[in-house]
Amino acid sequence: MIIAIDGPSGAGKSTLGKMLAKEFGLLYLDTGAMYRASALAVLRAGVPLEDREKVAEIAAKAKIELVGEPDSMRVLLDGVDVSAEIRTPDVATAASVVSTISDVRKIMVDHQRAIGESAENGCVLEGRDIGSVVFPNADIKFFLTAKPEARARRRFAEDQAKGRSTSYEATLAEINKRDERDVSRADSPLTIPQNATVIDTSELELKDVFELMADQVRKLSQSSTAV
């Protein structure tokens, strides 16, 4: 079973993806973390983000691994745990630029497909082009969205809880900038996949969104078993 979860930054994809994977015993794949790891490799190499050819070359050489359970997944870059480092604002900004490069996306999509197809019990993948590009024939597709202000409040609260120095205004500005990049990029722009269930999480509690999603998964599992 392949479950695709797409949507803009801060809509709850990661948290809900982990919850679904844990509930149904599926592999969890945070594709955004893969782009962040690639961006970190580029930053460490000191290569300008505008040098698209060199950026793609570094992304192709980088060994990116996601290991562990959904709640404690670690991201390894060339064998080194960079789980905390890829969550910094600088890496997030770089990742939003790197992810617009077609050659980088092709590398990542191939990697994501290979991981998803090899998952023994199935896989939950979340990102911005899972249901539209990576797995257009996914068994279930979700598109999570929320108003920018709601997403900024959540992201700001997360950053505060982790001791990161930022402001709500700066967080909102970054989310709006990220949204613009995601929907306007030439290769695999953020879009609602065909046949996806759209859920606006702005005014919903996390547990309520989870139950909506889990109910669909259960129905599919039951129908598959009955056949």
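These legends describe close-up views of a predicted model.

**View 1. Helix α2 crossing helix α4.**
Helix α2 covers residues 31-45 and helix α4 covers residues 89-98. Their axes come within 8 Å and cross at roughly 100°, so α2 and α4 are roughly perpendicular to each other. On the α2 side the contact is made by Tyr35, Arg36, Ala39, Leu40 and Leu43. On the α4 side Asp90, Val91, Ala92, Ala94, Ala95 and Val98 take part. By class, the residues of this contact are 9 nonpolar, no polar and 2 charged.

**View 2. The open sheet β3-β4-β5.**
Three strands in the order β3-β4-β5 make up an open sheet with antiparallel pairing. Strands β3 (64-67) and β5 (80-81) are the edge strands, each pairing on one side only. Between β3 and β4 (residues 74-77) there are 4 bridges in the antiparallel sense. Within this part of the view, leucine 66 stands opposite valine 75 of β4. Helix α2 packs on the sheet and touches β3 and β4. The direction of α2 makes about 35° with that of β4.

**View 3. The loop between β4 and β5.**
Aspartate 78 is found in the loop between β4 and β5. The phi angle of aspartate 78 is near 55°, a positive value in a residue other than glycine.

Strand β6 spans residues 123-127 and is mostly covered, with 5 of its 5 residues buried. Cys123, Leu125 and Gly127 point one way from β6, while Val124 and Glu126 point the other way. In general, side chains of a regular strand alternate between the two faces of the sheet. Strand β1 (residues 2-6) pairs with β6 in the parallel sense over 5 bridges. The bridge partner of alanine 4 in β6 is leucine 125. Strand β2 (residues 27-30) also pairs with β6 in the parallel sense, here over 4 bridges. Leucine 27 has cysteine 123 as its bridge partner in β6.

**View 4. Threonine 31 of helix α2.**
Threonine 31 is found in helix α2. Its relative accessible area is 2%, so threonine 31 is buried. The side chain of threonine 31 reaches the backbone oxygen of glutamate 126 at 2.6 Å. Leaving out residues up to four places away in sequence, threonine 31 touches Gln112, Glu126, Gly127 and Ile130.

**View 5. Arginine 105 of helix α5.**
Arginine 105 is found in helix α5, which runs over residues 102-118. With a relative accessible area of 3%, arginine 105 is buried, because buried means under 20%. A polar contact of 3.5 Å links the side chain of arginine 105 to that of tyrosine 35. Tyr35 also belongs to the contact of α2 with α4 in View 1. Apart from neighbours within four places in sequence, arginine 105 is in contact with Tyr35, Ser99, Asp129, Arg185, Asp187 and Ser188.

**View 6. Arginine 87 in the loop between β5 and α4.**
The place of arginine 87 is in the loop that joins β5 and α4. Its relative accessibility is 30%, so arginine 87 counts as partly exposed. The side chains of arginine 87 and aspartate 30 are joined by a polar contact of 3.0 Å. Not counting residues up to four places away in sequence, arginine 87 touches Asp30, Ala33, Arg36 and Arg164. One of these, Arg36, is also among the α2 residues that contact α4 in View 1. Arginine 87 and arginine 44 are 43 residues apart along the chain, and their C-alpha atoms are separated by 15 Å.

**View 7. Asparagine 195 in the loop between α8 and β8.**
Asparagine 195 lies in the loop between α8 (168-184) and β8 (197-200). Although asparagine 195 is not a glycine, its phi is positive, at about 70°. Asparagine 195 has a relative accessibility of 71% and therefore counts as exposed.

Conventions
Residues numbered from 1 in each chain as written. Predicted model: local features only at pLDDT ≥ 70, side-chain atom pairs only at ≥ 80, totals over all residues. Heavy atoms only, no water. Helix = DSSP H or I, 4+ residues; strand = E, 2+ residues; numbered from the N terminus. Buried < 20%, exposed > 50% of the residue type's maximum accessible area, 1.4 Å probe, protein only. Polar contact = N/O pair within 3.5 Å; in protein donor to acceptor, adjacent residues only side chain to side chain. Contact = heavy atoms within 4.5 Å. Axes fitted to C-alpha atoms, helices over the stretch in contact; angles between N-to-C directions. Parallel < 35°, antiparallel > 145°, perpendicular 65-115°, else oblique. Nonpolar A, V, L, I, M, F, W, Y, C, P; charged D, E, K, R; others polar. Pairing = 2+ DSSP bridges.
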